[in-house]
Amino acid sequence: MSQQRRRPWIVGVSGASGTPFAASVVRGLIAAGEDVDLVVSRASRLTLLDETGIAFRDGHWRDDLASWLARGADGKPDTFDPDLSGVRHWPAGDLAAGPSSGSYPAKGMLIVPASTACVAGVALGLSKDLLQRAASVTLKERRTLVVAVRETPLSGATLKQMVALDEAGAVVLPASPAFYAGATHIQDLVDFVAGRVLDAAGVPHGLYRRWEGELGGGSRTA
């Protein structure tokens, strides 16, 4: 019997603040048994270093990713212990990488977080790096593209670009946490946004308490 063909979700991490959102999404995909192809932009590495103290290096990506995903949103190390066996990393400058082609077997792409520069690049089809190129491929192949915008306030130009992405078939998902789920910790707020990203991709998860039509449900323990 032939081995089942790998068909990952591509996760693009751009330079916006919000690297804990990306970590939670990747952990959620792993927990759901999904394979992950990771593209970390050059700008996002500066943000990751600033927010976590972790330097993401192409040559040591597995060790650096393990440190990143193990870290809680509150900064505590060794909070999580995800299995990275199904994760593959592609350097952002590698425009010959698998996700740059429509024939590469991917389920779709999640950009978490998405900066306004990333939104503009994808909306305009610039493909200046692998992240933008993979997003363009995802759109042209009519696959799921979720763009988790993390910026405020939003300029008129960015709002128009977000409309263009919506019209092209992407799901524009602002990184806006909700409080009805009974959040008591910063990780709860991060996981809510990550959970909504996974909802948009149709990936099952248990990252947040869902609304069930009962007022006050989030304030009670499960």
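This report walks through the sheet of a predicted model and then its aromatic pairs.

Residues are numbered from 1 along each chain as its sequence is written, and side-chain values use heavy atoms, with hydrogens and water left out. Because the model is predicted, local features need pLDDT of at least 70 and side-chain atom pairs count only at pLDDT 80 or more, while totals for chains, interfaces and linings use all residues.

Let's start with the sheet. Six strands make an open, parallel sheet in the order β3-β2-β1-β4-β5-β6. Its edge strands, β3 (87-89) and β6 (171-172), each pair on one side only. Strands here are DSSP runs of E with at least two residues, and helices are runs of H or I with at least four, numbered from the N terminus; two strands pair if DSSP finds at least two bridges between them. Strand β1 (residues 9-13) is joined to β4 (residues 108-114) by four bridges, and Val-11 stands opposite Leu-110 in β4.

Now to the rings. There are five aromatic pairs in the structure. Rings of Phe, Tyr and Trp (its six-membered ring) pair if their centres lie within 6.5 Å; planes under 30 degrees apart are stacked, over 60 edge-to-face and the rest tilted. Here are two of the pairs:

| Pair | Centre to centre | Angle between planes | Type |
|---|---|---|---|
| Phe-56 and Trp-68 | 6.4 Å | 80 degrees | edge-to-face |
| Tyr-180 and Phe-192 | 5.7 Å | 90 degrees | edge-to-face |

Tyr-180 sits in the loop between β6 and α7, and Phe-192 in helix α7, twelve residues apart. Phe-56 and Trp-68 are both buried (under 20% relative accessible area; exposed is over 50%, partly exposed in between, with a 1.4 Å probe and protein chains only).
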